[in-house]
Amino acid sequence: MLPLLPVLIVSVIVVVGLLGGAGLTWLPLLAAGPALAATTSGPRGVLCVGLLAGVLGAMLGVRDGAPGRELAAVLSALVAVTLASGLASALRGRRERVLAAVRSVAEAAQHALLQPVPATVGPFQVAVRYSAAAAEARIGGDLYALVPTPYGVRMIVGDVRGKGLPAVGIAALVLGVFREAAYEEPDLLAVVDRIERSLARNLRGDDFVTAVVAGHPRPDELELVNCGHAAPLLVRGCGVVPVEPACPAPPLGLRALTGELPALQTLPFGDEDQLLLYTDGVTEARDRDRAFYPLAERLAVHLSDEPADTLTALHDELLTHVGGRLHDDAALLLLRRPTAPGTPVVECGARSRS
């Protein structure tokens, strides 16, 4: 099937030549047909457009009595452009196939590293949104995981220093150690220690990972270990407040340099409470005026009883804030404790749903 737009361009040039009767004046423009076809069609489509342009150009030249030598030169140039465009089309198709294969591998890697999180895990409703900053990428240096264990639901959200494949490799290491340790270690601090020891063996001197590791060991309670990461946002009643660590700890991988140990923080977490874990790709996203995205403020605006709806609204607004494309990886994980049956629900009349 011939590409429509290149054929239309060739037809317009021929019509103008017929009406103008200017000999060879318009014939060189016929090369625009196969050149344009190379951007949208395969080599066969390019050759067909070139053949059509050549036949029509020859007929137009003969009709207008163009000198044979000049007409041959114009048609030879058209043939050269057609062949070059066909080659360019073949190379473009090859690149597209390679890119499709790379995307497929990236998709598989994403599912292996950043496994899909179900809408309900244990007693919680959960939603996750993730965007990689690298062009055409599905994964990056941000990481998250949420797993049920014999010691309750446990989760991690983290941010690897840097971008690209090295960051992906470190993220894979952290997630692998976390998933194993979270299931084996009864103490949340022991889970963090396992990750720290693994990073100490594998990281270069200037690499590190900021992370929040959380667990739900008992009803109505969460445990948090913050290792140099952005403070989670707690939604309780009608307010949104950051959960700042009582004893700030260095990022994972830097403990040997500072000697500081992370501390376990206990957080009451009852019905209707929500906790948002995120990476700095969200809070450091800037608009055209260089203003940061006000996550806490916008979370209060977009809160709903469905975490997925809340994160969808936040993510869409974040992309609008930055003009359509993030310049850093961004991850959001929202945890909500639904109301137990028979418990009255507290409504916040001032809360907006816009």
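Predicted model: local features only at pLDDT ≥ 70, side-chain atom pairs only at ≥ 80, totals over all residues.
Taken as a whole, the protein chain runs to 354 residues, and buried residues make up 45% of them. The secondary structure comes to 10 helices and 11 strands. As for how the chain meets itself, consider the contacts with a separation of 6 or more: residues 24 or more positions apart account for 71% of these.

The UniProt record, an unreviewed entry, carries the annotation "transmembrane region" for residues 6–30, 42–60 and 72–91. Two of these stretches can be set against the model. Over residues 42–60, the chain is 95% helix with 0% strand, and 27 Å lies between the C-alpha atoms at the two ends. Residues 72–91 come out as 100% helix and 0% strand, with the end C-alpha atoms 29 Å apart.

Next come the helix pairs. Two packed helices are described by the angle between their axes and the distance between the axes. For helix H2 (residues 32–40) and helix H3 (residues 43–63), the axes are 8 Å apart and the packing angle is about 170 degrees. An angle over 145 degrees counts as roughly antiparallel, so that is how H2 and H3 are placed relative to each other. The crossing of H2 past H3 is right-handed. On the H2 side, the contact is made by Gly33, Pro34, Ala37 and Ala38, while H3 puts in Val46, Val49 and Gly50. Sorted by type, the residues of this contact are five nonpolar and two polar, with no charged ones.

Leu47 also sits in helix H3. Leaving aside residues up to four places away in sequence, Leu47 touches Thr82 and Leu83. With a relative accessible area of 42%, Leu47 is partly exposed.

The second pair is helix H9 (residues 295–302) with helix H10 (residues 307–322). Their axes come within 9 Å and cross at roughly 135 degrees, and H9 and H10 are therefore oblique to each other. This crossing is right-handed. From H9, Leu295, Arg298, Leu299 and His302 take part, and they meet Thr310, Ala313, Leu314 and Glu317 of H10. The residues of this contact split into four nonpolar, two polar and two charged. In the H2 and H3 contact, by comparison, the tally was five nonpolar, two polar and no charged.

What about single residues? Pro166 is found in helix H5 (residues 164–184). Its relative accessibility is 52%, and because the cut-off for exposed is over 50%, Pro166 counts as exposed. The C-alpha atom of Pro166 is separated by 8.3 Å from that of Gly141, although the two residues are 25 apart along the chain.

Asp207 belongs to the loop between helix H6 (188–202) and strand E5 (209–215).

Asp220 has a positive phi of about 60 degrees despite not being a glycine. This residue is in the loop between E5 and strand E6 (221–227), and its relative accessible area of 42% makes it partly exposed. Glu272, likewise not a glycine, has a positive phi of about 75 degrees. The loop that holds Glu272 runs between strand E9 (265–268) and strand E10 (274–278). At a relative accessible area of 23%, Glu272 is partly exposed too.

Methods. Residues numbered from 1 in each chain as written. Heavy atoms only, no water. Axes fitted to C-alpha atoms, helices over the stretch in contact; angles between N-to-C directions. Helix = DSSP H or I, 4+ residues; strand = E, 2+ residues; numbered from the N terminus. Parallel < 35°, antiparallel > 145°, perpendicular 65-115°, else oblique. Left-handed = near helix turned anticlockwise from the far one by under 90°. Contact = heavy atoms within 4.5 Å. Nonpolar A, V, L, I, M, F, W, Y, C, P; charged D, E, K, R; others polar. UniProt positions renumbered as here; feature names shortened; annotations may be inferred. Buried < 20%, exposed > 50% of the residue type's maximum accessible area, 1.4 Å probe, protein only.
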